[in-house]
Amino acid sequence: NKYESAEGTYVFQCKFTNMINRRLKPSDIDDEFVKVKKLVAKGVCDFYILFTNNGVSGRTEQLLAKRFTDIGVKHFKIYDNEWIVQTIKENNRLRIM
C-alpha cells in the first residue's frame, strides 16, 4: 500500500454517465472542488475516492490528483470503467448480484 496510513476521514463519490466510451474530463467534476474544499476545512476529507464508469487517462488522473491535493485532500484515488469491469469479472459474487 502506497499510503503510509489508511487512517483518516473518507469521502466516496460516484460520477456515472449513460454515454458509451466517454472519457472523463477534469471539468466534469469542477462542481466537486468547492464542496470538497469545505469538507477539508471541516476536517472530514483526508481521502477522496472517485468512482466513474467513464474512461480516465493518466493525464486526467494526474491533473485531478493535483487539484484535490492543492485544496487539502491528503490522498486522492480514482477508479474508472476498466477497474469496475475487471473487478466484476474477477469476483463471482459480484457477477451474480
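**Strand partners.** I began with Y10, which stands opposite F47 in β2. In total, 6 bridges join β1 to β2 (residues 47-52), and the two run parallel. I use DSSP runs for strands (E, at least two residues) and helices (H or I, at least four), numbered from the N terminus. Two strands pair if DSSP finds at least two bridges between them.

**Ground rules.** I note that this is a predicted model, where local features need pLDDT of at least 70, side-chain atom pairs count only at pLDDT 80 or more, and totals for chains, interfaces and linings use all residues. Residues are numbered from 1 along each chain as its sequence is written, and side-chain values use heavy atoms, with hydrogens and water left out.

**The sheet.** I found an open sheet of 3 strands, ordered β1-β2-β3, with parallel pairing. β1 and β3 (75-79) are at the edges with a single partner strand each, so one side of each has no neighbour in the sheet.

**Aromatic rings.** I counted rings of Phe, Tyr and Trp (its six-membered ring) as paired if their centres lie within 6.5 Å; planes under 30 degrees apart are stacked, over 60 edge-to-face, and the rest tilted. The structure holds 10 aromatic pairs. Y10 and F47 have ring centres 4.2 Å apart and planes at 5°, so this pair is stacked. Y10 is in strand β1 and F47 in strand β2, so the pair ties together parts 37 residues apart in sequence.

I then checked accessibility (buried is under 20% relative accessible area, exposed over 50%, partly exposed in between; 1.4 Å probe, protein chains only). Y10 is partly exposed at 35%. F47 is buried at 1%.

Next came F51 and W83: their ring centres are 5.9 Å apart and their planes at 50°, so the pair is tilted. F51 lies in strand β2 and W83 in helix α3 (residues 81-90), so the pair ties together parts 32 residues apart in sequence. W83 is partly exposed at 37%. Ring pairs link Y10, F12, F47, F51, Y79 and W83 into a cluster.

**Two loops.** I found T17 in the loop between β1 (10-15) and α1 (30-41). Leaving aside neighbours within four places in sequence, T17 is in contact (heavy atoms within 4.5 Å) with R22, N53 and N54. G72 is in the loop between α2 (58-70) and β3. G72 is partly exposed, at 31% relative accessibility. From G72 to K37 I read 7.1 Å, C-alpha to C-alpha, although they are 35 residues apart in sequence.
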